[in-house]
Amino acid sequence: MDFYDFKNAFLVGVFMAFMIGPVFFMLIKTSILKGARAAIAFDLGVILGDISFMLIAYFGSRSLLEKIKDDPRLFLIGGLVLIVYGLITYLDKNNKKEAEAPDVALPESNNYLKLLLKGFFLNFINIGVLAFWLGLIVVIGPTYDMNPKYLVWYFGTVIAGYMITDLGKILLAKQLKSRLTPLVIYRIKRGMGILLIVFGAFLMLKGFIPNEKIDNLIEKVESID
């Protein structure tokens, strides 16, 4: 992996950290009411949920990806998954009510193990997260020839970007809570839905266009600059 790959993986992690949902608000709520350590324990549970989904997506699709990793239809599959997830995010009727969704009672004392488990299960029950990881693995896996070493580095960087961004959210919890009005939440979720749709459409288009043409187009753009 080069710097470009690390940068892209890190940005994917940052993007994921700002996916508005119950986990997002529960993290902020925990930080405000229970403190930074409790929020970090909760966040570790969320990350364990993501890692579980990554493993399920990887091992569940590995045999299929090994067979068709050089098939351009793979980009169609990955792009379609991301487009569907983007449409669900964009059209979600509960977008404006999301800020009130995670009304989960917190324990009176800081039981870090319970907070970790709470984060894990709150993330793990969201099947949309599995769809996101599946779409990402379908696209990224063949890029590295399904090499476990490179995939560990790539997705480890994604998780690092996610964790660092979450630490920022924990430290700025009170400011974020006051600024996230229902209208702002609504616009953020729709914007992220559009980004997923555009990215998915780009991947599907890549399945129809030979890599040589894409490389030639990139070279022309670079020569213009």
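**Exercise 1.** In this predicted model, is the crossing in which H2 passes H5 left-handed or right-handed, and how are the two helices oriented?

*Solution.* Begin with the handedness: H2 passes H5 in a right-handed crossing. Next, consider the axes of H2 and helix H5 (residues 112-124), which come within 10 Å and cross at roughly 160°. Since angles over 145 degrees count as roughly antiparallel, H2 is therefore roughly antiparallel to H5. Finally, find the residues that make the contact, which are Pro-22, Val-23, Met-26 and Thr-30 on the H2 side, and Leu-115, Lys-118, Leu-122 and Asn-123 on the H5 side. Sorted by class, this contact of H2 with H5 has 5 nonpolar, 2 polar and 1 charged residues.

**Exercise 2.** Determine which residues touch the most other members of the largest nonpolar core, and which helix supplies the largest share of this core.

*Solution.* The largest nonpolar core has 37 residues, and within it Phe-132, Trp-133, Tyr-154 and Phe-155 touch the most other members. Several helices each supply at least two residues of this core, among them H1 (3-17), H6 (127-143) and H7 (148-171), while the largest share, 8 residues, comes from H3. To look at one member in detail, leave aside the neighbours within four places in sequence: Phe-155 is then in contact with Met-54, Trp-133, Leu-136, Ile-137 and Ile-140.

**Exercise 3.** Decide whether Gly-200 is buried or exposed, and list its contacts.

*Solution.* Gly-200 lies in helix H9, and because its relative accessibility is 0%, Gly-200 counts as buried. Apart from neighbours within four places in sequence, Gly-200 is in contact with Gly-79, Leu-82 and Ile-83. Gly-135, which is 65 residues from Gly-200 in sequence, is 9.0 Å from Gly-200 in space, C-alpha to C-alpha.

Methods:
Residues numbered from 1 in each chain as written. Predicted model: local features only at pLDDT ≥ 70, side-chain atom pairs only at ≥ 80, totals over all residues. Heavy atoms only, no water. Core = buried A, V, L, I, M, F, W, Y, C linked by side-chain atoms within 4.5 Å. Buried < 20%, exposed > 50% of the residue type's maximum accessible area, 1.4 Å probe, protein only. Helix = DSSP H or I, 4+ residues; strand = E, 2+ residues; numbered from the N terminus. Contact = heavy atoms within 4.5 Å. Axes fitted to C-alpha atoms, helices over the stretch in contact; angles between N-to-C directions. Parallel < 35°, antiparallel > 145°, perpendicular 65-115°, else oblique. Left-handed = near helix turned anticlockwise from the far one by under 90°. Nonpolar A, V, L, I, M, F, W, Y, C, P; charged D, E, K, R; others polar.
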